[in-house]
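Subject: Structure for you to look at

Hello,

Here is the structure I promised to pass on. Please open it and keep it in view while you read my notes below.

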Number of protein chains: 2
Amino acid sequence: MTAKSEQTRQLVADVALRMFREVGFEKTTMRAIAAGAGVSVGNAYYYFASKDDLVQELYVQVQAEHAAKAHETLEGLKDLGSRLKATLHAGLDVMAPYHRFGADFVATAIRPTSPVNPFAGESTAAREASLAIFRAAVEGASPPAPKKLRADLPELLWLGYMGIALFWVYDTSEDQRRTRKLVDGVVPLITRSLSLARIPGVNKVLDDVLGLSRSIRA
Amino acid sequence: MTAKSEQTRQLVADVALRMFREVGFEKTTMRAIAAGAGVSVGNAYYYFASKDDLVQELYVQVQAEHAAKAHETLEGLKDLGSRLKATLHAGLDVMAPYHRFGADFVATAIRPTSPVNPFAGESTAAREASLAIFRAAVEGASPPAPKKLRADLPELLWLGYMGIALFWVYDTSEDQRRTRKLVDGVVPLITRSLSLARIPGVNKVLDDVLGLSRSIRA
DNA sequence: CTCCCCTTTTGAACATGTTCAAAATTGAGT
DNA sequence: ACTCAATTTTGAACATGTTCAAAAGGGGAG
C-alpha cells in the first residue's frame, strides 16, 4: 500500500522537522516524534534507520529550497559578484529557521559515517547538489570568470560556503547579522582577487595552488 | 586525601585515553572505562562530568605534547617556512595515534557547548594554547613576516591548521600521507604569497581582507 | 470468502550516557 | 581511640537511541 505508507513516512518527517525547528535537536526525541505523529517508535524506525537519517531529510529539503531560491534570484543577475552574493544570501535565508539547530547539524554531518557528510567519499549526492548551485552561479556570469579558474572555482566557492556556514552556526548576533556582513564583505574581495590573477607573480602562485589542490584530490 | 583522589582521577583518565586510542570513541563506554580502572561508573563521573570531559582531557594532553614538540623542533629553524612546516608536522605527529578517533573528536569539539570547542566564546583556554604555538612560530622567524601581517598571521595560520586537521580526519591514505603532502605543498605557497603582499594591487586587497577580518571579529 | 504472503505497525527489550541518594572512607580535632 | 564532617565511592535508576520478534493489516489467487 504505497499511498498509506508514503503518507506515514511524510508525516513522521514533517513532525520531526517541525520539532527540530521548534525545540532543537536534543529535545526532539524519537519517542516524541513518534508520539507527535501518532505512530509507534518502531514505526518511525521502519522509515528512517536513525535519527541522523531524519537530519538528512532536513538537509535534502534545505538544499532543494536553496537551489530553488538561488535559481530564482539569479535570473536577473549578470556579474559574478552579484550572483555569488545572491547565492550565499539565499543559503542563509533558507537555513535561518534552523539556526538553533545548526550546531547539532554540523556535529552530525561531520561524522564520516553520516549520510549527510559533504566531505566523506567522493561524490556524495549531498555534495553534488550543493556544488551544482555554485556551478550555476559561476557559469552564468558575464563577464565570465578567468578561464583558468573556471573549472575549480565552483568547488572552491563551495568550500568557502562551508566555512561561512560554520561561521553562521556560531554567530550569536541578532538574526545572524554578522554572517550577512561577512558575505557582503567577502564577495567583493573574491571578485577583486580574481582580477589580480592577471598579475604575473600572482598568476604563478595561483597555478601552484591549483596544481596542489588537484594533486591532493587525485 | 588529595593523593589518592588524584591517583583515581589519573587512572580513569589514563584508561579512557588508552581505550580511545585502541578501540575508538563509541566502543569506549563509560562502563568499560570504569571497569578497566576498577572503579564504579559513578566514581568516574565524580571526576569527569561527562564523556566529553574525557575528550577534553585528551585534547589538553595532545595540545601540550604539540607545544612541547614544536618548541623543541623550532630551536634550530630560522625562516618562517621551515618553522611553519615543523609546527604543522609536529601537530600531525602528536595526533597520529588518535586518527581513528579523529572524526568523533571533531564532532564532539564542534558543539558550542563543548569545553573543547575552539571557536565558541572568545578566549577559550584551548584556543589560546593552540594559538600560542603558532605565535611562537611566527615571532621567532627571521626574516620576520611582513609587519602589517604580524599581528594577524598567527590567528590566520591557526585557522588554516584547523582546516588541515579537518582534512587529516578524512584522510584515509596510509599514515595520512596525503595530509603530509598537503602541508609540504601549502607552506611554500604561504611564504610566497606573503612576499606578494608588496605588490600594490595585492597589498590593497590584503588591507581589505585584514579590515574585514577585524571588523567581523569585533 | 478464504488462504497466504508481503508490508506495515507495535511495544517490549537492550545499550549507553548520566544522575543521585545512600554508603563507605578518610582525616582533623579532641 | 573516638567523633564528625567532608570527601570519595557505589550501584541502582532514568532517558534516549536503537533493535527485533511478533502481531496486524492488506491484497491478490483460488
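Start inside one chain. In chain A, 14 residues of domain 1 are in contact with 12 residues of domain 2; contact means heavy atoms within 4.5 Å. The domain assignment puts domain 1 at 1–48 and domain 2 at 52–217, with bounds from an automatic or database assignment.

A word on the basis. This is a predicted model, in which local features need pLDDT of at least 70, side-chain atom pairs count only at pLDDT 80 or more, and totals for chains, interfaces and linings use all residues. Residues are numbered from 1 along each chain as its sequence is written, chains are lettered from A and ligands numbered from 1 in the order written, and side-chain values use heavy atoms, with hydrogens and water left out.

**Between the domains of chain A**

The two domains bury about 1,200 Å² between them, 68% of it on carbon and sulfur atoms. Buried area is the accessible area (1.4 Å probe) that two parts lose on being put together, summed over both. A:Leu17, A:Arg21 and A:Phe25 supply 47% of the area on the domain 1 side, more than any other three residues.

There is one salt bridge between these domains. A:Arg9 forms a salt bridge with A:Glu57, with the closest N and O atoms 2.9 Å apart. The term means a side-chain nitrogen of Lys or Arg within 4 Å of a carboxyl oxygen of Asp or Glu.

**Between the chains**

How many residues of chain A are in contact with chain B? The count is 33, and they meet 33 residues of chain B. Together the chains bury about 2,800 Å², 71% of it on carbon and sulfur atoms. On the chain A side, A:Ile110, A:Tyr170 and A:Ile216 lose the most area, together 23% of what that side buries.

Four salt bridges join chain A and chain B. One pairs A:Arg192 with B:Asp208, the closest N and O atoms being 2.7 Å apart.

**How the copies are related**

Chain A can be laid on chain B with an RMSD of 0.0 Å, by a turn of 180° and a shift of 0.0 Å along the axis. The same surface serves both copies: 100% of the contact residues of chain A recur in chain B.

Best wishes

Notes:
Copies are superposed by least squares on the C-alpha atoms of residues with pLDDT of at least 70 in both.
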